[in-house]
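Please look over the chain shown here before reading the notes that follow. They are grouped by topic, so that each point can be followed on the structure.

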Amino acid sequence: HHNSLSDQASQMLGYLVKHLIRQETDLAEEKIAEFIEKEPQFAFSPYPGHSSGYIVDTIQTVLHFFHTTDNLEDCVIKTVNMGGDATTVGALAGMLAGAKYRVNAIPERWLKQLDPVVYQQIKQQTNTLVSLAEKLAEHSQ
């Protein structure tokens, strides 16, 4: 649904992923700071401790655990364990942590739990998306 807070948060997350994939951590942190300055209700430090489907709670939870953990597994588990809208916050935390820590950071035991057909489809889609991103980057230079 269209909501200005949700739209702004989604756009900020998109920029974060772009910078994290490019290993531009400083630019990612600048984007977060700019976002919080523009929309102070999203401030996550100190963490208010609310995890729900409300966009402000969601972003605060995701950014808090993204900043207070140092690996993908801890980021996702601690975020999801807050409860509330655990699937949404977990997916967003996993997206950011995956962009930062890379695919090899995904615990092997998690991957083994996936249906083999689904696992292959994910790998194929990922390779296709990475190829597309590389082609787009070449054309934009």
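This is a predicted model: local features need pLDDT of at least 70, side-chain atom pairs count only at pLDDT 80 or more; totals for chains, interfaces and linings use all residues.

**Backbone and helix briefing**

Arg102 lies in the loop between H5 and H6, and its phi is near 80°, a positive value in a residue other than glycine.

**Backbone geometry**

- Arg102, the residue with phi near 80°, counts as partly exposed, because its relative accessibility is 28%.
- Gln23 also has a positive phi, near 60°, and is a residue other than glycine; the place of Gln23 is in the loop between H1 and H2.
- With a relative accessibility of 57%, Gln23 counts as exposed.
- The peptide bond that runs from Ser45 to Pro46 is cis, its omega being near 0°, and Pro46 has its place in the loop between H2 and H3.
- As background to these points, most residues other than glycine have a negative phi, and most peptide bonds are trans.

**Helix H1**

- H1 has 18 residues and reaches 26 Å from its first C-alpha to its last, which is close to the 26 Å expected at 1.5 Å a residue.
- The buried residues of H1 include Leu5, Ala9, Met12, Leu13, Leu16, Val17 and Leu20, and among them are also Ser6, Gln8 and His19.
- The cover over the buried residues of H1 includes H2, H3 and helix H5 (86-101).

**Helix H2**

- The 14 residues of H2 should span 20 Å at 1.5 Å a residue, and the end C-alpha atoms of H2 are 20 Å apart, which agrees.
- Ala28, Ile32, Phe35 and Ile36 are buried in H2, and because they cover an arc of only 95° around the axis, they are placed on the same side of H2.
- Where do the buried residues of H2 pack? They pack against helix H1 (4-21) and helix H3 (55-68).
- Asp26, Glu37 and Lys38, on the other side of H2, are exposed.
- Ala33 is also found in helix H2, where it counts as partly exposed, since its relative accessibility is 44%.
- Between Ala33 and Ala43 the distance in space is 9.1 Å, C-alpha to C-alpha, while the two are 10 residues apart in sequence.

**Salt bridges**

- How many salt bridges does the structure hold? The structure holds 2 salt bridges, and in general, side chains of opposite charge can pair when their charged atoms come close.
- One of them joins the side chains of Glu34 and Lys31, with a distance of 3.6 Å from N to O.
- Both Glu34 and Lys31 lie in helix H2 (residues 25-38), where they are 3 residues apart, about one turn of the helix.
- Glu34 is partly exposed, its relative accessible area being 46%, and Lys31 is partly exposed as well, with a relative accessible area of 21%.
- Arg109 forms a salt bridge with Glu73, in which the closest N and O atoms are 2.0 Å apart.
- This pair links distant parts of the chain, given that Arg109 is in helix H6 (residues 108-112) and Glu73 is in helix H4 (residues 72-80), 36 residues apart.
- Arg109 counts as partly exposed at 48% relative accessibility.

**Buried and exposed positions elsewhere**

- When residues up to four places away in sequence are not counted, Thr61 touches Tyr47, His50, Ser51, Thr79, Met82 and Val89.
- Thr87 lies in helix H5 and is exposed, with a relative accessible area of 65%.
- The C-alpha atoms of Thr87 and Ile59 are separated by 13 Å, and these residues are 28 residues apart along the chain.
- Gly49, found in the loop between H2 and H3, counts as partly exposed at 36% relative accessibility.
- A separation of 41 Å lies between the C-alpha atoms of Gly49 and Ser140, which are 91 residues apart along the chain.

**Nonpolar surface**

- Leu114, Val118 and Ile122 make a nonpolar surface patch of about 200 Å².
- Of these, Ile122 is found in helix H7 (residues 116-140) and counts as partly exposed at 38% relative accessibility.

Note on methods: Residues are numbered from 1 along each chain as its sequence is written. Side-chain values use heavy atoms; hydrogens and water are left out. A salt bridge is a side-chain nitrogen of Lys or Arg within 4 Å of a carboxyl oxygen of Asp or Glu. Helices (H or I, at least four residues) and strands (E, at least two) are DSSP runs, numbered from the N terminus. Buried means under 20% relative accessible area, exposed over 50%, partly exposed in between (1.4 Å probe, protein chains only). The expected span of a helix is 1.5 Å times one less than its number of residues. The arc is that of the directions from the helix axis to the C-beta atoms. Contact means heavy atoms within 4.5 Å. Patches are made of residues with over 30% relative accessible area and no salt bridge: like charges are joined within 9 Å, nonpolar side chains (Val, Leu, Ile, Met, Phe, Trp, Tyr) within 5 Å. Accessible areas come from the Shrake-Rupley method with a 1.4 Å probe; for residues, only the protein chains shown count as cover.
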